[in-house]
Amino acid sequence: MLTELAHAEETLKRIEGHKGVIGTIIVNSEGLPIRTTLDNSTTSLYARLLCSFTTLARSTVRDVDPQNDLTFVRIRSKKQEILVAPENNYLLIVIQNPSE
Amino acid sequence: MSTSVAKEGKKMRCAVMLKPSKRGSNLLALTSRRSFTFSGSKILDRMAGPTPRQAVRVFDEENNDVTPQPFYRADLRAEPGSRFLVDELSAGSTSDQTTFTGSFTMPFSRSVLDSSRISSQSTTESVNEEMEETFCRRDFPFNLPESLLPDEKRKKGSVKEQMTQALLKGIKDILITETDTISLLDIPPTLVSVNADDADVIIEINKQYSEVCRNRRNNEKYVDRAVQTLNGATKNKQIQNNLMLMVDTATIVSAFEMYAPPEQEVMVYSPEMKQTNDAETIVDSRRSPERSLSLTCSASTVISTCSLKDVETVGSSLNTQVDSERIMTSDKFQFSLLLMERTVLRNNFQSQLAAYRKLPLLQDPDRLVKPKEKEQSEAETSCSPALQCLWVFSCELSRGCRVSSMAWNKKNPDLLAVGYGETDYRNHGPGLVCCWSIKNPMWPERIINCDSAVTTVDFSSNSPGQLAVGMCDGSIAIHNVQSTDNKSPFISSRECAKRHLGPVWQLRWNQQELSFTGEEKVESLYSVGADGRICKWFVINGGLDCTDLMKLKKMNNTLRKTEQNKPEKTAECVLSVLTPGLCFDFHPSDSNIYLTGTWEGNIHKCSCSNGHQFLETYRKHFCPVNCITWCPLHPDVFLSCSSDSTIQLWKQDCINPLLSFTSNQPVGEVRWSPKHATVFSAVNEGQLEIWDLNSSFLDPVIVQPAAPGLKMTSLLFASLTDCVVVGDSDGQVTVYQLQNLHVGESSQAIHRPQPRKKNKSCKWKSDMKTNKTTYAKY
């Protein structure tokens, strides 16, 4: 257990250190951010908005084909790219500025 | 009571002198006069204590101070709003006997104070603010309902909560409850169904009424008349209240949020119920019916989800910590992290990866293209063959370690195993094997720490997850890279008695057909070591054991002439000392035949079935042969490179080399290109050379010098793309892309070699060309 936690922490730190990554947020199933590298207001904003967006995306995928499921969400905008890895009990959000 | 009566009686008798004061005298005089006029009532209960202000003082004949005291002695400097008349009376600070009387005199004083209040209002210009306040405050207790509890109120009033910073910042739980519904007006609707019994009657009445309304205007029966209502006098009342803070919150709810699909609920429910922690299950079981609600309300603010139940608020705050632990240790989270890291890196390395995979390069439309970049890209479109560095596999673990060998995975062409270790005889430090993936150039997928410096790695074909690692101390370990736990190898040859006594210089997995069946391919591990033995390994009792395939005996040490016309084939051994074998390679189609290169510089062709004699010996090199490799596209040709800075091209049945190429430094490795039959690459300490035999025999087509201070040590071709992977002495593995390598058409003039060589080489070249087309599908 402990090594898994350490491994997860290490990988997360590595991701945060990659080029262009602005911040990472982990949100639990209720929409509460449990770990973040951004400030509070931005974190709560992203958590709230992306929770509902991911739910919409997942329901879209499942409506089209009920045996399908959502694995990854990428929102590419002019200034940044928002990457969301959704699961049943958490959301892993990374915001990256790819064109640097 | 009696005392007050007595006092009044005394007053009546005496003449009283009023001494007017500076201000507010009118009022006080008024009041005092009033009080005197109403002296029939026993209100005057005198506070003998000092008053804050004494505007008028009344003395009787005997100079006793008989100034009527205000009924309510307001200590205005203290908290004004919290003092009550009753408190003052009952405080007993000055008058003790008056408590009882005070309560009795209250109803009487009411009329007094009321009138005095009116009087105060009438004389507004001389109103003393404080007095008015006093009177107002006197009104206070009488306006309160009967349920007055003096002590409690006093305590509440006096204890004022100190608003501290801490309190302001802390989270306050606000309990919102709903009161009972208060009906202010309830007129039940008078609707009657059409099917009721008396419906007809009602319809008739309605009709009549509507007719009346219609005829009302011009009908003489009805006359409009106005009436004035009598409105009572309004009275203004002012009260003071605390400011109510209003907070606006809003949320967006869409249709999908209102419905939670039943399967989702079940899926979420079941893992929660498996928790063995009791407190958690209690909270969760109470939360699960709410979970659908919380899922759907996830867009709304947190407060709304938490305020559903008291238990829930407590539970959720406690569970955040546990949640984070639980989430971060789950397998799915590890996978999400892996996916996320690869996606982030793919964004960063998009152009390089696209070049590697030979995909068209996409331009990001939102990216600001600087004018300098544009010029550079235009200038780079030259036609000469070149190497472009795509990226470098490097991490802090491998920094400083020398790359000793590399191997591609047979099944997953993106996985590259790199062995690190100092293979000099001086230091035998620990070794490292990193499995890198093309998808993540920044961090290896697997890290395997080895006890000794790693000299060679090879992936198995039959079971693609098995990686054989040969080390400097002679041991061989087989690791399973599919498992993330890489503490201990799958199998190790440490305990084997017949293991290599010196460093294992090369390992190979080879599939051999069993002669009788001809179909099964049994794969075995072969190794060549510094002790001069070539061994075949197999698994016994959970460990490795080997059988000797060949012993490399030292050959005759007579001086050999460099002419190629000496067909010496002495297989006699002068000394029975074994010479270290440095490399070997199996024939691509006939897996029984293999070549091995020795420390002496000889190359022996051997067979697996014959363990005593060499089939053939090729002599040309006079320094250790570092690498031997068969050409994958042509069956009989192989290359060898050696520390004497030469590369020799041989044909199987010819004991003299067909071609030799010179380099400026000892050549470490040489590899054939998997695509082009005439292209091969060699690496020596100072540079990487790409040779194209179509263009030139004397010079390499592309020369890439090593970065200053670095020595290139290892080389591999990438199988599906035209890229070359080079390892160096600093632990970096660089991926180069071959560009503009036009094979098949030569733009340069070919130097004509010597006639003898020419025949052979021309023949060989034509062979190669024909074979190239045959094998072009590779």
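How many residue pairs are in polar contact across the interface of chain B and chain A?

1. The model is predicted: local features need pLDDT of at least 70 and side-chain atom pairs count only at pLDDT 80 or more, while totals for chains, interfaces and linings use all residues. Residues are numbered from 1 along each chain as its sequence is written, chains are lettered from A in the order in which they are written, and side-chain values use heavy atoms, with hydrogens and water left out.

2. The rule finds 13 residue pairs in polar contact across the interface of chain B and chain A, both residues at pLDDT 80 or more. A polar contact is a pair of N or O atoms within 3.5 Å; within protein, one must be able to donate a hydrogen and the other to accept it, and residues adjacent in sequence count only if both atoms are side-chain atoms. Helix 14 (331–348) of chain B is one of the helices that supply at least two residues of the side touching chain A. Helix 14 of chain B gives that side its largest share, 13 residues. Helices here are DSSP runs of H or I with at least four residues, and strands are runs of E with at least two, numbered from the N terminus.

3. In contact (heavy atoms within 4.5 Å) are 37 residues of chain B and 46 residues of chain A. The area buried between the two chains (accessible area, 1.4 Å probe, lost on being put together and summed over both) is about 4,000 Å², and carbon and sulfur atoms give 60% of this. M328(B), M340(B) and N347(B) supply 15% of the area that chain B buries against chain A, more than any other three residues.

4. Two salt bridges cross the interface of chain B and chain A, a salt bridge being a side-chain nitrogen of Lys or Arg within 4 Å of a carboxyl oxygen of Asp or Glu. R14(A) and E341(B) form a salt bridge at 3.0 Å, N to O.

5. In chain B, four strands make an open antiparallel sheet in the order 16-17-18-19; strands pair if DSSP finds at least two bridges between them. Strand 16 (581–586) and strand 19 (616–619) of chain B are its edge strands. Strands 16 and 17 of chain B pair over five bridges, and C583(B) has G597(B) as its bridge partner.

6. Another open antiparallel sheet of chain B has four strands in the order 3-30-29-28. Strand 3 (386–393) and strand 28 (712–717) of chain B each have a single partner strand, so one side of each is left without a neighbour in the sheet. Five bridges join strands 29 and 30 of chain B, where C723(B) is partnered by Q737(B).
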